[in-house]
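I opened the model to look at how its chains are put together. My entries follow below.

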Amino acid sequence: MKRESINVRKVLLNETEMSKIIDRMVYEMIEHLSLLKNVAIVGIRTRGVILAERLIKKIEEKENVRLATGTIDIALYRDDFCKGLSSPKTGPSVLNFDPEEYHIILVDDVMYTGRTVRAAIEAVMDYGRPKSIKFVSLIDRGLRELPIHPDIVGKVIETSPEDKVAVFFKETDGEDKVVLG
Amino acid sequence: MKHLLGIENLNKDQIMNILETAVSFAEINQRQIKKVPTLKGKTIINFFAEPSTRTRTSFEVAEKRLSADTYNIAVSGSAIQKGETLADTALNLQAMGPDAMVIRHSVSGTPQLLTEIMDCSIINAGDGFHEHPTQALLDAYTIWQRKGGFEGLKVALLGDIYHSRVARSNIYLLNKMGAHVSISGPGTMLPKEVEKMGVTVEKLPKYAVQDADIVMMLRVQNERASNLLYPDVREYSRYFMLTPELLKLAKKDALVMHPGPANRGVEIDDVVMDGEQSVILEQVSNGVNVRMAVLYLLLGGADK
């Protein structure tokens, strides 16, 4: 979703709120991780990667650990590819660890229908059979179309299908905020 | 973009988009499980009316790794041998509802003709002396990966330019991307007014190769009566074969490329072909990446 094409109706989270929520997610993840060994944090392209990078940095600082990391691109695993939409831009996936040995935490900015997560799970599975897969999202906007549930969520908001929810990150969009369009 | 008929009608952004998309597929082709479900349920016909090992296999590998269903047709063993016209064959294949057809044919313009007869995407896998777009794209991908770009590169293109669809597609592409192409070959193998394509024509290969970043060899195409254009093989190789001595005139880090199949000892010396500067097999690997990218972009229905 192009950020400049969004007609902003409401700012859902400003920079400070977003930062606090991400900090809370970090604590929740550390709590989760303490039970597990061999954890890899994998961002879903493109904004899930940015969120994943932030989470990884904070977890590594707080816990003084090195995490396995990765990036997953779901364009080739979409279930609507044959519906005549244009071919989404793809980028390479990178998993520099043996997935069979790891618990994988998938990270995305917004959870919506659940179809992206389904595609990401399939993409990860093509590399091997991970010990487990969990899912972390900054925003859960509801309206699920598949029986998929996130393990850790930053903020739950109620939306209708016409709404657009967009997360802005400093790294790509110049500022941190979440908006409703 | 629905069809890929040639490089001539593509712009720089479209070319770059194909190359960038190919990076994703390069990653898939490194995996243990080299398959993605992207084109599940799509039907692709590979219609090769001329012999081919590399291109046909490469397309088929690309299609299968994208989970498409593929069917191969060769002229021998098809109803064309019973006298059916190409147009009728095309209509009959169309009636089976393919999503794409990959076509190689000895007559220039056949893929264009098929776009007028059939509804599916048409991909040109080489038509006569006209174009071979996926070859130029995989060559470009190889150059881009190795050299980081095209701007200002000198590319020497040597051999039978006249019969070469690979040469045409490469000249179009390299010019669009800002590289400079110098060609050389026997006078009988250079098309009239070829300099109008935006290339420098050199009488002797050594001038074309001098300080080149890329030395691209073309095959002597004896099946297209190339052998009538030069006195004999020994004379050809004496003047136009890429030897280690000739290659020394190019830049130290120059790449040696050949679209294959190569005639060892005719247009390229064994030592060069198997040497450190040769990226000929890399071109073949990259072919799969690039063809996957092309299929992905065409069959995803972009710009529909």
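**Chain B, domains.** I looked up the division of chain B and found domain 1 (12-132 + 284-299) and domain 2 (133-280). The bounds come from an automatic or database domain assignment. I took the centres over C-alpha atoms: 25 Å separate domain 1 of chain B from domain 2 of chain B.

**Ground rules.** I note that this is a predicted model, where local features need pLDDT of at least 70, side-chain atom pairs count only at pLDDT 80 or more, and totals for chains, interfaces and linings use all residues. Residues are numbered from 1 along each chain as its sequence is written, while chains are lettered from A and ligands numbered from 1 in the order in which they are written.

**Chain B, where the domains touch.** I next checked contacts (C-beta atoms, placed from the backbone, within 7 Å). In chain B, 21 residues of domain 1 are in contact with 19 residues of domain 2. Which elements give two or more residues to the domain 1 side? They are helix 1 (12-28), strand 4 (121-127) and helix 11 (280-299) of chain B. Helices (H or I, at least four residues) and strands (E, at least two) are DSSP runs, numbered from the N terminus. Helix 11 of chain B gives the largest share of that side, 6 residues.

I also sorted the domain 1 side of chain B by class: 8 nonpolar, 8 polar and 5 charged residues. Here Ala, Val, Leu, Ile, Met, Phe, Trp, Tyr, Cys and Pro count as nonpolar, Asp, Glu, Lys and Arg as charged, and the others, Gly among them, as polar.

**Chain A, overall.** I turned to chain A and found 4 helices and 9 strands. From the N terminus on, the order is β-α-β-α-β-β-β-α-β-β-β-α-β. The C-alpha trace of chain A spans about 45 × 40 × 30 Å along its principal axes. Of the 181 residues of chain A, 39% count as buried, that is, with 20 or more other C-beta atoms within 10 Å of their own, C-beta atoms being placed from the backbone.

**Chain A, a sheet.** I then traced an open sheet of 3 strands in chain A, order 1-9-8, with antiparallel pairing. Two strands pair if DSSP finds at least two bridges between them. Strand 1 (10-13) and strand 8 (165-168) of chain A are at the edges, each with a single partner strand, so one side of each has no neighbour in the sheet. Strand 1 of chain A is joined to strand 9 (residues 177-180) of chain A by 3 bridges. I found A:Val11 opposite A:Val179 in strand 9 of chain A.

Technical notes:
Two residues are in contact if their C-beta atoms, placed from the backbone, lie within 7 Å. A residue is buried if 20 or more other C-beta atoms lie within 10 Å of its own, exposed if 12 or fewer, and partly exposed in between; C-beta atoms are placed from the backbone.
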